[in-house]
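I open this notebook to record what I looked up in one structure. The entries follow the order of my reading.

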Amino acid sequence: MTHDDARPSGTILLAATPIGDPGDASPRLVAALASADIIAAEDTRRLRSLASRLGAAPTGRVVALHDHNEQAKASGLVSSARDGATVLLVSDAGMPTVSDPGYRVVTEAIAQGVPVSAIPGPSAPLTALALSGLPSDRFAFEGFVPRKAGEAERFLSALATDPHTLIFFESPRRVHETLIRMADAFGGGRAGAVCRELTKTHEEVVRGTLDELVERTEGGVLGEVTIVVAGHKGGGNPQDHAAAVLALADEGMRLKDAAAEVAAATGLRRNDLYRAALASRE
């Protein structure tokens, strides 16, 4: 295996681009932008802007490769690589194929025996994980939470007992609502972190329980956002804690609020505790 930057012809080359600070671009990325025969970019205008800031002048053909055209373009790009071209794939930020275009090209290249290599670099999920302060020995990247309420609730419910630290992308417009759903699905006492504008001037990492993060984001957030949530650590059977919920309710607390308080203490899901308390009361 060679570590020489010069790759043999006939390669699909995946390159990570900066997620915020252009200074994070590697020398290998700069060289590849200048030398690749074809550059397939998620947004060609952003690619040319990045290349200009890095002082790299692409000499190859620049084409658009995004979610809406990747299926149609994949075979042509792979054919070009098979015929000897170096085809560079870049997304708007981070590594192609990670919640970005590139997967279909890679699978097509593998199927045709065309070499696939990578220029590693910035990664929003890994950067957020490292800064979150949450366990990093076992983690799972879950991408974007579905937009529709029912789909989002089912999606999060399926992850409620996952022991891995969970990493999500989210639109700044939906962060508050998504955190409310996460608190309902995972329990408001579950630890999390909201990471925004990573590597940029206004980088911010807010850490706390999901209930606390709901409060902190009530006024909205700005910028690119990654949410990290601690994995499930158990906490017993909701039915075992139904009496505690009912005891708080008997003291005058609303049943839903009582379930939320016990959820924060046990790590159990608020809705599960609420249903268990209702069943016990009946």
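In which strand is Thr-226 found? I located Thr-226 in strand 10 (residues 225–229); a strand here is a DSSP run (E, at least two residues), a helix one of H or I with at least four, each numbered from the N terminus.

I noted that the model is predicted, so that local features need pLDDT of at least 70 and side-chain atom pairs pLDDT 80 or more, while totals for chains, interfaces and linings use all residues. Residues are numbered from 1 along each chain, and side-chain values use heavy atoms, without hydrogens and water.

I looked up the accessibility of Thr-226 and found 4%, hence buried (under 20% relative accessible area; exposed is over 50%, partly exposed in between; 1.4 Å probe, protein chains only). Among the residues that Thr-226 touches, leaving out those up to four places away in sequence, I listed Ile-167, Phe-168, Phe-169 and Cys-195 (contact: heavy atoms within 4.5 Å).

I then turned to charge pairs. The structure holds 10 salt bridges (a side-chain nitrogen of Lys or Arg within 4 Å of a carboxyl oxygen of Asp or Glu). One of them joins Arg-174 and Glu-170 at 3.3 Å, N to O, and both residues are buried.

Where do Glu-177 and Arg-181 lie? I found both in helix 7 (residues 175–186), four residues apart, about one turn of the helix. Glu-177 is partly exposed at 38% relative accessibility, whereas Arg-181 is buried at 14%.
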